Amino acid sequence: MLAIAVASLLAAYFLIYLPSTRRTAVKTLVYAYNDKITGIDPSIEDDTGLVVIGSVYETLLRYDPIKNVTIPVLAESWESNEDGTVWVFRLRRGVVFHDETPFNATAVKLSIERARDVYRETGRGAGYIWDAVEEVEVVDDYTVRIKLSYPQRLDLMVAASYAAYIFSPSALTKAGVSTPLDPKLEDWFNSGNDAGSGPYYIEYYSPESEVRLRKFEKWWGWSLVNNPDAPDVVVIKVRPDPLDQYNGLLAGEIDIASSVPRANVRDLAARGFKVINLTTFHNYILLLNVRRYPTSVKEFRLALLHAIPWDEIVNVALRGFGRLGSGILPYGFPGHVEGLRYTYNPTIVREYLEKSGVGPGAVVEFAYQSDYEENEAFAQLLKSRLAEFNITVVLKPMAWTAVKDAGKEVWTNPDKAPHLIISDWWPTMPSPYDYLYSLLHSESQEWNWAGYSNTEFDELIDSAYELEGTNYSEALQLYADAQRMVHEEGVAVNLWDEVRPFVVSERAEVPEGALNPLYMYVIRFEYVRVRE
């Protein structure tokens, strides 16, 4: 009997551990990402969790910014009434969630209402995109009618990169909650559980180091993608150090890197790595604390802004991988206004300093994310140039979570919040309202780190948002007026729009369409080909 048992164990060992020509190797792809994951609740997460959520969950539609069209995903067709206040979405049949429960209109209703109501009750997440939603009506299992309180481009809202993901109602039962607003449901999601319908599901979740996704064989889209070389497993490695990503590529540990040092990009290309320069809607906004002296003085803010060497910052900070910003919105994004820039002019700087009444030797604190090489380069440049005007800049590099905490403090203890702070931003939805509301509206105390509170500005962008559904061109004009107001007051400015170099090893092929500037760090792994 002992001999039989030993033989069985040896047979099992050889079957599992030794290669077999009859067994297919698991195709694993390693993607290096540069920030820890801040959460994966599909209704609430509004930060770095996008890199995971975008592969695990799906929206009703997807936005193509190049063609300016929406693409069917979980909805196959849609229409609105003449004034844009009632929208009907006809849903894709035969879709199942990762636990194999069926996708239907009930899931759509639950997902939209939860994102909306969490935001209304707590101000968390990006559920403001559903502000106009009065009712989500389940017409039948595969038809949803959404009634709005004012006209809206709902086709763009349902394609948003946050707060528009559809999850299975079974999540409530699994989390042991009776209401979708129970905080235990958020805890359940953020513990590494998922209830999505996307091409990959979460197999392992450690938000500070690694997330492992596995191919969902029953995803509805595999027959359309027709990619037998898609990865079976995607490992998202959290590697904040750009040099670490560079070395990982050379060592063969990484297949796609999102954040290698820009100085090493040409070197990697010469070594045979493919470089994809993605023109993105990711921009870096410099916000000035209007609630703390001396940046509370308009003339002093304008002096600082005219002391920035604008013709140098893209080359110094980004090594040319970017475009000088204008206004608040990135180039090519709806509502972008060209020409809303400041100029480096020492004469104007001194004139504004004199008008400000701020005496010589002023000190300002500048907070920024420490592991972004572009931030550090810009900070050093700014410090040296302001020193020429007898202004001392105290640099405060921080981890991203600390930057967020410092920024929000402008509303509770403005004299402790930094005078200057950088918030990098990529859009939630293809509307100017996303940037302008999130970063500068008085209600948006999660991201408005300038502490800016201007009723005229608020009313201007709120009116524009409501006009988008009926008079889009007039809405864009109002958004332009709002950006001019911010520019004249020196409250915030887009430093640059980023061009992000993704570096790909010879093992992987990332075709056109796998990357999208709206969902910048989300790679559509179902289109990626892995060579063994």
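## Basis

The model is predicted; local features need pLDDT of at least 70, side-chain atom pairs count only at pLDDT 80 or more, and totals for chains, interfaces and linings use all residues. Residues are numbered from 1 along each chain as its sequence is written, and side-chain values use heavy atoms, without hydrogens and water.

## Largest pocket

The largest pocket has a volume of about 530 Å³. A pocket is an open set of points on a 1 Å grid over the protein atoms alone where a 1.4 Å probe fits, with protein on both sides within 12 Å along at least five of seven lines; lining residues have an atom within 4 Å of a point. Points are joined across faces, edges and corners, and the volume is the space filled by probe spheres set on them.

Its lining comprises 21 residues, with Ile 66, Glu 512, Gly 513, Ala 514 and Leu 515 nearest the centre. By class the lining holds 13 nonpolar, 2 polar and 6 charged residues; Ala, Val, Leu, Ile, Met, Phe, Trp, Tyr, Cys and Pro count as nonpolar, Asp, Glu, Lys and Arg as charged, and the others, Gly among them, as polar. At least two lining residues come from each of β2 (61-64), β3 (69-72) and β12 (274-288). Strands (E, at least two residues) and helices (H or I, at least four) are DSSP runs numbered from the N terminus.

## Second largest pocket

The second largest pocket has a volume of about 300 Å³. Of its 24 lining residues, Asp 46, Trp 425, Ser 438, Glu 446 and Trp 447 are closest to the centre. β16 (420-425) and α15 (432-440) each contribute at least two residues to this lining, which divides into 10 nonpolar, 8 polar and 6 charged.

Four strands form an open antiparallel sheet in the order β4-β5-β7-β6; strands count as paired if DSSP finds at least two bridges between them. β4 (75-80) and β6 (133-140) are the edge strands, each pairing on one side only. From one strand to the next the twist averages 20°.

β6 pairs with β7 (residues 143-148) over 6 bridges, and Val 133 is opposite Leu 148 in β7. Helix α3 (residues 105-122) packs on the sheet and touches β5 (86-91), β6 and β7, its direction making about 170° with that of β6. Contact means heavy atoms within 4.5 Å; angles run from 0 to 180 degrees between N-to-C directions, with axes fitted to C-alpha atoms, for helices over the stretch in contact.

## Helix α10

In helix α10 (residues 298-306), 7 of the 9 residues are buried, meaning under 20% relative accessible area (1.4 Å probe, protein chains only). The buried residues are Phe 300, Arg 301, Leu 302, Ala 303, Leu 304, Leu 305 and His 306.

Note on methods. Buried means under 20% relative accessible area, exposed over 50%, partly exposed in between (1.4 Å probe, protein chains only).
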